[in-house]
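Here is a short briefing on a protein model. Look at the structure first, then read the points below.

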Amino acid sequence: MTDRKALLRFAAPLSLAAVLGACGGTAEPVPAPLSDEAMAVVTDKAGAPKDQLARQIDDLFTKEGLGETRAIVLIADGELAAERYSDGYDAETRMISWSMAKTITAVLVGMLVADGKLNVDEPAPIAMWQRPGDPRAEITLRQLLQMSSGLRHTEAGDPPYESSEVRMLFLDGRDDMARWAKEQPLEAEPGENFEYSSNTTVILADIAASALTSSDDAETRRSAVDDYLKERLFEPLGMSSMVAEYDASGTLIGGSLMHATARDWAKFGEFMRNQGRSPDGEQLVPSRWVSAMTEPSPTAPQYGFQTWLNRPLGANGAEFGHPLFPERAPASLFSLIGHMGQYVLVSPEQGVTLVRLGHSTSVERPAMLQEAADIIALYPAR
């Protein structure tokens, strides 16, 4: 009798396994417990279940096929919720913006509009375009901000060295990037088509410099813009790590080359989430300007003023896929996005700013973005 009971006890688990196998079911793998270090990245002000948040952040750093995550900073309701870095990076490491710089350039333009130095719906103040018969004279500042100028600017080419971006940054346009970008002809009517373009943002940076100084001296132009940004934006936000690059003519390379720590990128995201206010409540740029930056453009509902939006794609955006995740987060979510997977994701409805910096290929980015969406999904809309 004793032997029979023992046999039944041994057979029971085997029978359960056989039933599961017969039904086609498989047990979900149990993830390994997180290390103390992985749990410690989440603060006591996480605003979400700490174990789930730590797990989602760990996935961004450890899962295969996502690329290399170098930094995560998460702010929830204005408090630091989590912060983590990969080996070789820390809270003091300045990381390159790539195209995240475009959103900062749009804020720079907005401050100059508020100062009465620029007008978004007037023709862009570019002398080269104001010659009689030049069709570029019709291009407005708003169209430049919305990437619908109609200029022949090809962001990505095949081969790459033939793209407008590469030629401007590294080849025949590198010493005076704005001039090279402004010299390009129209290929469409202004305001007709959306064409994402780093060249366009450099034109905006050049316009900003000309609004601040009439000098053509490179150092004078550089200092005018650099001092303005520091005094009016970076210092009030406490973004002490920010370093912006300029070309040989003194023009801000406002489409791609700014450097800051992950914490400072989070401060800028929070500034945008708070409708242009600093942490002490000072209105650094009018709230209506931030609203304009995050409103869909007529030619691209997924894009505002130099800012990506979590809205359905326009007709000319389907070719490249959506840069965000409108099926998983509020339509009010917006983002700074930079080459190779730099993101400052801001969700006002959820009170969240998520910074992810690293290196992910075009193949890896969609899966990586879904992991970032998992983090944001832990926070309910309010």
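The largest nonpolar core has 74 residues, and Leu233, Trp265 and Phe268 have the most contacts inside it. A nonpolar core is a set of buried Ala, Val, Leu, Ile, Met, Phe, Trp, Tyr and Cys residues joined through side-chain atoms within 4.5 Å. Buried means under 20% relative accessible area, with a 1.4 Å probe and protein chains only. This is a predicted model: local features need pLDDT of at least 70, side-chain atom pairs count only at pLDDT 80 or more, and totals for chains, interfaces and linings use all residues. Residues are numbered from 1 along each chain as its sequence is written, and side-chain values use heavy atoms, leaving out hydrogens and water.

- Phenylalanine 268 touches Thr103, Ile104, Val107, Leu233, Leu237, Met239 and Leu336, leaving aside residues up to four places away in sequence; contact means heavy atoms within 4.5 Å.
- A second, separate core of 40 residues includes Ala46, Ile72, Trp308 and Ile375.

**Helix α4**
- Helices here are DSSP runs (H or I, at least four residues), as strands are (E, at least two), numbered from the N terminus.
- In α4, 12 of the 14 residues are buried, so the helix is largely enclosed by the rest of the structure.
- Among the buried residues of α4 are Thr103, Ile104 and Val107.
- Glycine 116, with a positive phi near 80°, follows α4.

**Helix α3**
- The buried residues of α3 include Leu53, Ile57, Leu60 and Phe61.
- The buried residues of α3 pack against α2 (36-40), β1 (68-76), β2 (79-85) and α12 (365-376).

How values were computed:
Buried means under 20% relative accessible area, exposed over 50%, partly exposed in between (1.4 Å probe, protein chains only).
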